[in-house]
Amino acid sequence: MTPDRALSRALVRAVPDPVTERLSDLGNIPVAVPVLALAMAYAARRGRVRAALAAGLAMALVPALIVPLKEWTARPGPLEPWAAGYFPSGHTATAYVAYAGAALLVSPYTRRAWPAAAALLLTGATAVGLVLRGFHWPLDVVASLLLCTPSLLAVRWCDRGSGRSSSSTLRSRTGPG
């Protein structure tokens, strides 16, 4: 048995299904994407249109990246070995890009680390919920995180390329450092 399967067997249903289903739902499009859309509108209104558009493009690329890989790998699920298309996790990818993208967009306007912490918490909760409920293997969620990281780095690069880094934005709002 592979380590991925062994870990999954040890974790699945370790927490009641209603809890893990709610955690998994954090990666649903109707839950995660509006968070990113609000952050995009806020950043665009504050003059960071390029970063907002980059974050929107990163989200639009999620299905373009994930769906073909699901079809190509046709990996069965932990609880449904007859079904295919579990690798990589689309819910994890959606949560990661939406919440981390939103954090990148709103972070320059706060001195605290709460946006990044919230993104980490929400994405982690989604991934944990998916694995504990048996919707995905652990490797499925790890693969999604790795696959989506370059798009989030591109969002960060676009933001820095616009000449408005988080430290310069804070200095312009609050005065010299």
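Predicted model: local features only at pLDDT ≥ 70, side-chain atom pairs only at ≥ 80, totals over all residues.
Modeller: Local features here need pLDDT of at least 70 and side-chain atom pairs pLDDT 80 or more, while totals for chains, interfaces and linings use all residues. Residues are numbered from 1 along each chain as its sequence is written, and side-chain values use heavy atoms, without hydrogens and water.

Biologist: Why is Thr-92 called buried?

Modeller: Buried means under 20% relative accessible area, exposed over 50%, and partly exposed in between (1.4 Å probe, protein chains only). Thr-92 has a relative accessible area of 0%, so Thr-92 is buried.

Biologist: Why is the contact of Arg-133 and Glu-21 called a salt bridge?

Modeller: A salt bridge requires a side-chain nitrogen of Lys or Arg within 4 Å of a carboxyl oxygen of Asp or Glu. The N to O distance for Arg-133 and Glu-21 is 3.0 Å, so the pair qualifies. Arg-133 also meets Asp-17 at 3.8 Å, N to O, in a salt bridge, and Asp-17, Glu-21 and Arg-133 are linked in a network.

Biologist: Why does Arg-133 count as buried?

Modeller: Its relative accessibility is 12%, under the 20% limit, so Arg-133 counts as buried.

Biologist: What makes a set of residues a nonpolar core?

Modeller: The set consists of buried Ala, Val, Leu, Ile, Met, Phe, Trp, Tyr and Cys residues joined through side-chain atoms within 4.5 Å. The largest such core has 28 residues, and its largest share, eleven residues, comes from α5.

Terms used:
Helix = DSSP H or I, 4+ residues; strand = E, 2+ residues; numbered from the N terminus.
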